[in-house]
Amino acid sequence: MSKAAEILAELDHINDPSLMASSGLPDRKVIVYLLKEAQVILLPGYYHFSDLSPMEAFVELQACLEKEIRIVNNRIGDPSVDASAIADTFMSSLPQVKKLLMSDLQAIYDGDPAAKSKAEIILCYPGFYAVMIYRIAHVLYSLHVPYLPRVMAEYAHEKTGIDINPGATIGAYFCIDHGTGIVIGETAVIGEHVKLYQGVTIGARSFQLDKEGNPVKGGKRHPDIGSHVVIYANATILGGDTKVGDHSVIGGNVWLLHSVPPGSVIYYTGSQK
């Protein structure tokens, strides 16, 4: 036996029995292709993929999406799910996705004096790019499609440094300025006309443990952020029962573990207890 064969054989014996074989799982590259086809449909002229026209991208996206949904449901979901109906519902949602994106585009343009045009935002701003992918992925998450929305979200994370779980609920006119290091958890709810700066975390506290010492999964773990809220750089807001009221301002570097009423201005003073 060659050394390579010996090493491969040793690697085969190092495994976690809970892991499934990779065969039958959706292809990450194909899921990224789905995103790129959706971008061609939503913003033709700004996004291009394989020289597809919007109509060609529409036809390919619907067919490929149906195939991937069927693959993933046969493997880990419910094989009886009608993949064609889910794909139809997703495609029908694209006008609403674009309406939300146009509101996000307007919010970024209005909220950033450095933005010379909306075209510049589409072409250059990582915040808009990450939110666009989130909007697409969130529809699939809402349709209970396994894996696909999370792969899309992690692709955006990889490209922009912005980590938005597709399960988060985010209202219209959402503005991310700079964006690097932003984290938004799965059960977060964010209202309309909210602006986040770089490094903001809307996250969970340490998980509760069950009798066996394992983390308790599920439940409401992330904060609710009201409408017309601004959260400045590196602020951290944690906890499923934490609510930030409408028209509040959360200053940079704030560590917030409790709810604040509408109209609050919270800032870091540097004092220690």
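**Close-up views of a predicted model**

**View 1. The largest nonpolar core.** Of its 46 residues, Leu-65, Phe-90, Phe-128, Ile-136, Leu-148 and Met-152 touch the most other members. Such a core is a set of buried Ala, Val, Leu, Ile, Met, Phe, Trp, Tyr and Cys residues joined through side-chain atoms within 4.5 Å, where buried means under 20% relative accessible area with a 1.4 Å probe, protein chains only. At least two residues each come from α2, α3 (54-75), α4 (83-111), α5 (118-124), α6 and α7 (148-160); α4 gives the most, eleven. The model is predicted: local features need pLDDT of at least 70 and side-chain atom pairs pLDDT 80 or more, whereas totals for chains, interfaces and linings use all residues. Residues are numbered from 1 along each chain as its sequence is written, and side-chain values use heavy atoms, without hydrogens or water.

**View 2. Helices α2 and α6.** The axes of α2 (residues 28-42) and α6 (residues 126-142), lines fitted to C-alpha atoms over the stretch in contact, come within 11 Å and cross at roughly 105°. The helices are therefore roughly perpendicular (65 to 115 degrees). Leu-35, Ala-38, Gln-39 and Leu-42 of α2 meet Tyr-129, Met-132, Ile-133 and Ile-136 of α6 (contact: heavy atoms within 4.5 Å).

**View 3. The open sheet.** Five strands are paired in parallel in the order β1-β4-β7-β10-β13, pairing requiring at least two DSSP bridges. β1 (163-164) and β13 (255-256) stand at the edges, each with a single partner strand, so one side of each lacks a neighbour in the sheet. Two bridges join β4 (residues 183-184) to β7 (residues 201-203); Val-183 has Thr-201 as its bridge partner in β7.

Terms used:
Axes fitted to C-alpha atoms, helices over the stretch in contact; angles between N-to-C directions. Helix = DSSP H or I, 4+ residues; strand = E, 2+ residues; numbered from the N terminus. Parallel < 35°, antiparallel > 145°, perpendicular 65-115°, else oblique. Buried < 20%, exposed > 50% of the residue type's maximum accessible area, 1.4 Å probe, protein only.
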